[in-house]
Amino acid sequence: MKGIVRFLVQMLVLNIVLVPIMVLGPLLYVVPFFCIVANPQDDFSGVAQLYFWLGPLSCAFWMLLSCHWPTVRRAQREGRLETWRESEGGMLHTVTKATVYMFAGLFGSFVFEITFLVVFSFRPGNPYREMVWFALLPFATFAPVILLWLRRWMRDRKQGDFISRADTDCELRDQLRAAFLYAKNLRSRNAHESQ
């Protein structure tokens with residue numbers, strides 16, 4: 001029983017420490033700028049290492065959050081939030097998808113960070129170079145999340161382009177025509193009622 005309580009306390013402490021780092025990770029990237037401004041001649045290689053190792057944990061959290069966000073929001077708008085998981089394939093499918101996204105974010109972040117370190121090595125001593133380095137690091141760390149959001153934005157923009165879709169989709173063209181006629185009818189009815 002003592003071992004179980006000790007394990008639960010350790011997990012609680014670990015969550016108290018890691019969850020804020022994962023959730024607030026993107027905001028923590030402004031801290032080095034204040035440190036560099038306060039003491040420009042200090043060596044910030046330890047801070048750089050800390051961000052290198054903790055950044056991918058935050059990226060994995062945000063990938064996990066971004067994994068199901070669009071489908072949950074759509075289910076909420078459609079009023080089927082209670083059955084969202086079943087409509088997305090069930091518990092096994094959604095948990096597997098979330099796990100894949102989380103590990104893709106974790107390892108993808110490490111790959112982008114290593115590439116960033118190869119291209120822009122950290123050399124302490126020049127505060128301006130350090131500021132630029134710390135300004136670019138979050139883009140490398142959160143590149144998987146940024147690429148996911150960018151891909152979804154481009155896909156939604158492409159799907160939301162009604163004018164180009166209406167040229168080829170007869171059903172959509174008919175729906176747009178019906179909506180136009182309905183709005184025209186409402187405008188004319190409101191104009192007659194106001195006179």
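Which residues does A60 touch, not counting residues up to four places away in sequence? A60 touches M102, G105 and L106, where contact means heavy atoms within 4.5 Å. The legends below place this group in the chain and then visit its surroundings.

This is a predicted model, in which local features need pLDDT of at least 70, side-chain atom pairs count only at pLDDT 80 or more, and totals for chains, interfaces and linings use all residues. Residues are numbered from 1 along each chain as its sequence is written, and side-chain values use heavy atoms, with hydrogens and water left out.

**View 1. The whole chain, before zooming in.**
The chain has 9 helices and 0 strands; helices (H or I, at least four residues) and strands (E, at least two) are DSSP runs, numbered from the N terminus. The radius of gyration is 25 Å, well over the 16 Å that the globule rule gives for 195 residues, so the chain is more spread out than a compact globule. That radius is taken over C-alpha atoms, and the globule rule is 2.2 Å times the number of residues to the power 0.38. Along the principal axes, the C-alpha atoms fill a box of roughly 75 × 55 × 35 Å. Buried residues account for 26% of the 195 residues; buried means under 20% relative accessible area, exposed over 50%, and partly exposed in between (1.4 Å probe, protein chains only). Looking at contacts between residues at least 6 apart in sequence, 69% join residues at least 24 apart.

**View 2. A60 in helix α3.**
Here we return to the residue from the opening question. A60 lies in helix α3 and counts as buried, because its relative accessibility is 7%. Its contacts beyond four places in sequence are M102, G105 and L106. Between A60 and G108 there are 48 residues in sequence, yet their C-alpha atoms are 9.0 Å apart in space.

**View 3. L57, also in helix α3.**
L57 has its place in helix α3. With a relative accessible area of 28%, L57 is partly exposed. I21 is 36 residues from L57 in sequence, and the two are 8.2 Å apart in space, C-alpha to C-alpha.

**View 4. S109 in helix α5.**
Is S109 buried or exposed? S109 is buried, with a relative accessible area of 0%, and its place is in helix α5, which covers residues 90-119. If neighbours within four places in sequence are left aside, S109 is in contact with G55, P56, C59, A104, A140, T141 and P144. P124 is 15 residues from S109 in sequence and 23 Å from S109 in space, C-alpha to C-alpha.

**View 5. P144 in helix α7.**
P144 lies in helix α7 and counts as buried at 11% relative accessibility. Neighbours within four places aside, P144 is in contact with C59, M63, A104, G105, G108, S109 and F112. P144 and G105 are 39 residues apart in sequence, while their C-alpha atoms are 5.6 Å apart.

A nonpolar core is a set of buried Ala, Val, Leu, Ile, Met, Phe, Trp, Tyr and Cys residues joined through side-chain atoms within 4.5 Å. The largest one has 19 residues, and M63, F122, W133, F134 and L137 touch the most other members. Elements giving two or more residues to this core are α3 (45-77), α5, α6 (127-141) and α7 (143-159). Helix α3 gives the most, with 5 residues. Around W133, leaving aside neighbours within four places in sequence, the contacts are A48, F116, L117, F120, S121 and F122.
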